[in-house]
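Q: Hi! I've just opened this one and would like a friendly tour. Can you walk me through it?

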Amino acid sequence: MEKEEITDLLKTLCGIPSPSNHEEKRAEFCRNFFFQCGACDVSVDDALNVRCLIKGVGGEDGKRPIIVFMAHTDTVFPDDEPMPYRVSDGKIYCPGVGDDTANLALLLLVARGILRDNLRPRDKDILIVCDAGEEGLGNLKGSRAIMRDYGNRVEEFYAVDGTVLMYCDSAVGSHRYEITVTTEGGHAYGSFGNRNAIYYMSSLITDLYQIKLDSDGLVTYNVGLISGGTSVNTIADTATCLYEYRSNEKADLAFLKNHLFALANAYRAKGIGVSLKLIGERPCSKKIGKKKFYKMMDRVIPVLAYYFKGAYDDPEIFEYKHPGSTDCNIPLSMGIPAISFGCYLGAGAHTRTEWVAEESLLPGFYALNDIVRSYF
């Protein structure tokens, strides 16, 4: 494998827009890529996942345990045109280049080698997935579809996502709401004194940020988008925001939900219209015995440590300390062991200045290749 082969594929993928819920073009590319590699069992499902099933030797078709490897095709950016791509001082810059396009490119190339070598695992099937809807309001639709269709057969689940320093083995759950505030509004001069929806939305947001929660969990909350009003000389009659809260503890999510609904009722009591629409929900982990993770960790951590020597000081930072919100949330919520790990170095995820270290891609390929091939 040559570095240029990886960077060429990465550049091609970056040139294919793939916002959440609009991953059709990347899905088509990935589907064709698998077929060109000689894959026989390739499909695109209703969630826009591209599935490549590598059947094992032994056992009965449709009943063998499945090992899932997936990297997501979508980015957080809504752009429907190719985003700017440049290379400078050993860094590849492009929105979405790392999260998760670099890992997607590496997984495709690993799958290509396995398919061309006509390898088959023993007594298991390997499912390679280019999955959709991991980001934002994609609401993990891709992971949900995989677990819907294969859940009772999935033995282990790997999401190839983030940098090499972002190992994750437990799920941070979240609820996402669209909050709409309505008032009578009116003309800024002629109806001065009427209630302004933007004012009350601002007040509601301030109240949301006053919450005090005594918890050992990892709790965050955020208003990420706000809109409303008609013009500078109009008293706004509608304002909308998008609000999310997260925790790795179900009890915390319940507390935050009750807080939100109590605030909404308090504003309604003042005659202010408040509607709450759930637009996304990610589950927390079920309790899973640590032993179920050990063999997965033994496949992943030593390999990453070998190929990325010096990238981190202490491999023990990986052990049960990094809950996150990833495609793993769905299998973890079902009691199926799942881990998320990345195979590149870089920074700036979810910003338009995101970058990937060019020199990290080749060791990332070799690491992922060793991990996947350990099942063959």
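This is a predicted model: local features need pLDDT of at least 70, side-chain atom pairs count only at pLDDT 80 or more; totals for chains, interfaces and linings use all residues.

Q: Let's start with helix 6. How many residues does it have, and how far does it reach?
A: Helix 6 covers residues 250-269, which is 20 residues. From its first C-alpha to its last it reaches 29 Å, close to the 28 Å expected at 1.5 Å a residue.

Q: Which of its residues are buried?
A: In helix 6 the buried residues are Asp252, Leu253, Leu256, His259, Leu260, Leu263, Ala264 and Tyr267. Looking down the axis of helix 6, you find these buried residues within an arc of 130°, so they line one face of the helix.

Q: Why would residues spaced like that point the same way?
A: An α-helix has 3.6 residues a turn, so residues three or four places apart point the same way.

Q: And what's on the face turned away from the buried side?
A: There, helix 6 carries the exposed residues Lys250, Ala251, Asn258 and Ala269.

Q: What does the buried side pack against?
A: The buried residues of helix 6 pack against strand 9 (173-182), helix 5 (197-208), strand 13 (238-247) and strand 14 (273-282).

Q: What follows helix 6?
A: Glycine 271 follows helix 6, and the phi of this glycine is positive, near 90°.

Q: You mentioned helix 5. What span should it have, and how far apart are its ends?
A: Helix 5 has twelve residues, which should span 16 Å at 1.5 Å a residue, and its end C-alpha atoms are 16 Å apart, so the two agree.

Q: Which residues are buried there?
A: Ala197, Tyr200, Met201, Leu204, Ile205 and Leu208 are buried in helix 5. Around the axis they cover an arc of only 140°, which puts them on the same side of helix 5. The partners that the buried residues of helix 5 pack against are strand 9, strand 11, strand 13 and helix 6.

Q: Changing topic: what's the strand order in the open sheet of four strands?
A: The order is 4-5-18-17, and the pairing is antiparallel. Strand 4 (86-88) and strand 17 (346-347) are the edge strands, each pairing on one side only.

Q: How many bridges link strand 5 and strand 18?
A: Three bridges, in the antiparallel sense, pair strand 5 (residues 91-93) with strand 18 (residues 355-357). Lysine 91, for example, has alanine 357 in strand 18 as its bridge partner.

Q: Which residues have a positive phi although they are not a glycine?
A: Asparagine 21 is one of them, with a phi of about 75°. Leucine 140 is another, with a phi of about 60°.

Q: Where do those two sit, and are they buried or exposed?
A: Asparagine 21 is in the loop between helix 1 (3-14) and helix 2 (24-36), and at 33% relative accessibility it counts as partly exposed. Leucine 140 is in the loop between strand 6 (125-131) and helix 4 (141-150). With a relative accessible area of 0%, leucine 140 is buried.

Q: What about arginine 153?
A: Arginine 153 lies in the loop between helix 4 and strand 7 (154-160). At 16% relative accessibility, arginine 153 counts as buried. Leaving aside residues up to four places away in sequence, arginine 153 touches Gly62, Lys63, Arg64, Pro65, Ile66 and Asp125.

Q: And aspartate 237?
A: Aspartate 237 is in the loop between strand 12 (234-235) and strand 13. Its relative accessible area is 38%, so aspartate 237 is partly exposed. Not counting residues up to four places away in sequence, aspartate 237 touches Val181, Thr182, Thr183, Glu184, Gly185 and Ala197.

Q: Last topic: how much space lies in the largest pocket?
A: About 950 Å³. The largest pocket is lined by 35 residues, and the closest to its centre are Glu135, Gly136, Arg176, Arg246 and His350.

Q: Which strand gives the largest share of the lining?
A: Strand 13 does, with four residues. Strands that each supply at least two residues of the lining include strand 9, strand 11 (220-228), strand 14 and strand 17.

Terms used: Residues are numbered from 1 along each chain as its sequence is written. Side-chain values use heavy atoms; hydrogens and water are left out. Two strands pair if DSSP finds at least two bridges between them. The expected span of a helix is 1.5 Å times one less than its number of residues. Buried means under 20% relative accessible area, exposed over 50%, partly exposed in between (1.4 Å probe, protein chains only). The arc is that of the directions from the helix axis to the C-beta atoms. Contact means heavy atoms within 4.5 Å. On a 1 Å grid over the protein atoms alone, a cavity is a set of points where a 1.4 Å probe fits but cannot get out, and a pocket is an open set with protein on both sides within 12 Å along at least five of seven lines; lining residues have an atom within 4 Å of a point. Grid points are joined across faces, edges and corners, and a volume is the space filled by probe spheres set on the points.
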